[in-house]
Each structure stands twice: as C-alpha cells, then as structure tokens.
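This briefing is meant for someone meeting the structure for the first time. Please keep the sequence and the model side by side while reading.

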Amino acid sequence: MKIPAVDFRPLLDATEPAWRARLAELFGRMNFVLGEQVRGFETEFAAAMGAKHCVTVGTGTAAIEIALRDAGIHYPAQEVIAPALTAPFTGVAIASTGARIRFADIDPDTLLLDPEDAAGRATRATAAIVPVHLYGQVCDLLAIRSLARKLGAVVVQDACQAHGVLFRGKPLTAFSPYVAYSFYPTKNLGALGDGGAIVTNHARAAARLSSYRDGGRVPGTQIAGTPGQNSRLDEMQACYLRAFLPKLAEWNAHRARIARIYTAALSGLDGITPVRTSTSVWHLFVVRARRRDKLRQHLASHGIGTGIHYPVPLHLMPAFTGCGLKRGDLPHAEKACKEILSLPLYPYLTEAAAHEVVGRIRQFLGRD
Ligand SMILES: Cc1ncc(COP(=O)(O)O)c(C=O)c1O
C-alpha cells in the first residue's frame, strides 16, 4: 500500500461543490483582490477561532512579522524570544522586523517552548515572545503570559500549525493580542497556495493591520497613510478556504482518531516514543526514534512517506548565525532534531493505512 505523507486529492473531492460555487461567485464578480470572498472568509475564520477580528495576509510568515510590527517591534535594540525548534519561517518573520532573535530551548517531552528556559534568557531588551503551537499542540499560555507581563513584552502566538486548538477550553486570543495562522496547503486548514491571517480581539489593531497589509493605504483611497506592505490573501484562495473551513472540526477529529491509533500502538515499544501531547489538533504526529534515519528509509522502501519537522534547530541554521548561540547551547532542541519523525497524518487517511504504518514500524523494530 502506498501511503504518502500528505494527500490533498480526497479533501478536494469532498469539498468540490462548495469551492466550485465560490469560484463561480468570484468569476461572476471579477473582483480578484480584497473582495467579497476575502471579507467573507475573514468573518468566518474569526468566528471559527473564537476571535472578534481576522485580517488575512499573504503568508503565515507575513502574519507573524506584521503582528510584531503592529506591536511596535522593529528596532535592532529589541529582542524577541522564540523556540529553537520550529519552522525556519518563524525566525525569518522575526528577523524581518529588524529586531534581534533570542532562541530558547524546548521542553524535552512536548518539544514546545520551555517557559523557564525562556525566562532565563530574557533581558531588559526583551520586547516580545513568540510561542509556537508546534505540531498542533498548545503551549503553556499562562506561564508565557505571566513571563511576558513581568518583562513588559507582547506575546504574538505562532499558531501556523494549530488551527482550532484551544488552551484550557478558551480561544487563543484570550491570552494575547495577536495570533498568527498560515494557510500553506499542508496545514489543518490550507489553501491551494500561500495564505495567512492574524486574529485579534482588538478592533483598532485589526483596522491598523488591515491597512498595513494593503500598502498602508487609507481604506478606499489611493493614499498611503502609513508605511505598509503589500501582503494580501487573494480571492481565489479565499474561495477554497471558505469551502474547507466548515470541514475543519471534522478533519481535526479525524486527525485525532488516527493519532489515537498511532499512540496506542506505538507506546511502550523499545526504540520509539510518540511525543507526549496534552491538547492538540494533531497537525503532525511526531515520534522520536533511536535509529530515525534508518526507520525513515525502511518506511520509504514500503511506500510510506514521512517528514522531519525539523532537521536542524534554528540557532544552528546558517541564516541565524547572528543569534550568538552555538552547538550545545540548546541541548533539548538539538537532540530532538536528530530523533523526530512525522508519520502520515491527514484528513481521509484510512485507519487501515495507519495500521499499515504501525505494522511497518513494528517490523523495523523487530517485534513481528
Ligand atoms: C510553525 C510555523 N510558523 C510559520 C510558518 C510560516 O507560514 P507560511 O509558510 O504560510 O509563511 C509555518 C509554515 O510553514 C509554520 O509551520
């Protein structure tokens, strides 16, 4: 059986009437940028995330950068704390603001930003913290918020991998003024191209962000009122996102079902450990494996696709050498990067396929 790491086909098939209807509306109106589809999606996505406002932008990277800028983060004298284990785009977004990045280590069990390590690395220059809800898990937002308050820093949540996750039953916007999402195709809610959004409960911030992503223009005019950027979600992507959004809860529930199969079958085996997770929307199912690269090859030889999220911690990537850290400085992130492997997980992945993945892993470990 061939099992890819991700498969979009069934998802497109299941939603075809909905996206075709939206595309027909779009072609009827011929309004291709910042029109009815984007406005409709912004209202629907804000509601789905339990937020008052949503401002869409071109990418998740832009969402993080623009949120930080709106919070006043753009001086080289300012420092932004972020975990070393995340997509490089988190770091790229912070670096684009002009502020300095201070990478912190992760909790060795959950692989999420460790608030205690972050506290130890904070300085008087710390102006923001960017917790990353990695793999669909949710960070300890109470600890992060309390650290931020102590430092007088803003929290911009990177929820690019966590559409729909709650913290202690509450929407993420209850814990910080900005939450950034990506709609990269593989995400729990993905477009068929790039896209991103910031959700917030603050009306004035939403109005500023809305103008900023549109060149800083005064709405409805050709006047640039403030220096901005051109980073807009396009109408066509909004058509797909509006068709997919009503399915998000069902798709997340399916991901959780597959994750339960993996967890039950892989817990307690020697040589492999599922990453411990409390609350998650299961963007990825990640295990730590002693012979990770060999296991990956074994699975590939049986037609099973996997991923590594991520092979190198950000403080050791060439783009971030200026951060001042070297090998050995963030041991938990460095160790995790050598061991982690993401198993196939997506809506419509069958339970039989999940059992096949488990069977091949057990075979590799020499159990069966
Ligand atoms: C954790 C995280 N942050 C930021 C991003 C950036 O999102 P985008 O690719 O939409 O710019 C991604 C996705 O790649 C991500 O997974």
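The model is predicted. The protein contains 13 helices and ten strands, and it is divided into domain 1 (9-245) and domain 2 (247-365).

**Overall build**

- A compact globule of 368 residues would have a radius of gyration near 21 Å, and the protein has 21 Å, which agrees with that expectation.
- Taken along the principal axes, the C-alpha atoms of the protein fill a box of roughly 70 × 55 × 35 Å.
- Of the 368 residues of the protein, 50% count as buried.
- When contacts between residues at least 6 apart in sequence are considered, 69% of them join residues at least 24 apart.

- Domain 1 and domain 2 have C-alpha centres that lie 24 Å apart, and the contact takes 33 residues from domain 1 and 32 residues from domain 2.
- On the side of domain 1 that touches domain 2, at least two residues each are supplied by α1 (9-14), α5 (88-97) and β3 (100-104).
- The largest nonpolar core has 117 residues, and those with the most contacts inside it are Val 80, Ala 128, Val 156, Ala 180 and Ile 198.
- Both domain 1 and domain 2 give residues to this core, so it lies between them.
- In soluble globular proteins, nonpolar side chains tend to be buried together.
- Setting aside neighbours within four places in sequence, Val 156 is in contact with Ile 64, Ala 67, Leu 68, Ala 71, Ala 128, Val 130, Ser 176, Tyr 178 and Ala 180.

**Helix α7**

- In α7 (residues 141-151), the residues Leu 141, Ile 144, Leu 147, Ala 148 and Leu 151 are buried.
- The partners against which the buried residues of α7 pack are α6 (115-121), β4 (126-129) and β5 (154-158).
- Gly 152, which follows α7, has a positive phi near 70°.

**Helix α13**

- The buried residues of α13 are Ala 353, Ala 354, Val 357, Arg 360, Ile 361 and Phe 364.
- Seen down the axis of α13, the buried residues fall within an arc of 125°, so they line one face of the helix, while Glu 351 and Ala 352 are exposed on the other side.
- Packing of the buried residues of α13 is against α10 (248-266), β8 (272-274), α11 (292-301) and β10 (340-343).
- Just after α13 comes Gly 366, which takes a positive phi of about 80°.

**Val 57 and Arg 232**

- Val 57 is found in strand β1 (residues 53-57) and counts as buried, with 31 C-beta neighbours inside 10 Å.
- Beyond four places in sequence, the contacts of Val 57 include Ala 62, Ile 66, Ile 198, Arg 213 and Arg 232.
- Although Val 57 and Ala 159 are 102 residues apart in sequence, they are 14 Å apart in space, C-alpha to C-alpha.
- Arg 232 has its place in the loop between α8 (203-212) and α9 (235-244), and with 19 C-beta neighbours inside 10 Å it counts as partly exposed.
- Not counting residues up to four places away in sequence, Arg 232 touches Val 33, Leu 34, Val 57, Gly 58, Arg 213 and Asp 214.

**Backbone exceptions**

- Most residues other than glycine have a negative phi, and most peptide bonds are trans.
- Trp 282, in the loop between β8 and β9 (285-289), has a positive phi near 55° and is buried, with 27 other C-beta atoms within 10 Å.
- Tyr 348, in the loop between β10 and α13, has a positive phi of about 80° although it is not a glycine, and with 15 C-beta neighbours inside 10 Å it counts as partly exposed.
- The peptide bond from His 309 to Tyr 310 is cis, with omega near 20°, and Tyr 310 has its place in the loop between α11 and α12 (331-339).

Technical notes: Residues are numbered from 1 along each chain as its sequence is written. A residue is buried if 20 or more other C-beta atoms lie within 10 Å of its own, exposed if 12 or fewer, and partly exposed in between; C-beta atoms are placed from the backbone. Helices (H or I, at least four residues) and strands (E, at least two) are DSSP runs, numbered from the N terminus. The arc is that of the directions from the helix axis to the C-beta atoms. Two residues are in contact if their C-beta atoms, placed from the backbone, lie within 7 Å. A nonpolar core is a set of buried Ala, Val, Leu, Ile, Met, Phe, Trp, Tyr and Cys residues joined through C-beta atoms within 7 Å. Domain bounds come from an automatic or database domain assignment. The radius of gyration is taken over C-alpha atoms; the globule rule is 2.2 Å times the number of residues to the power 0.38.
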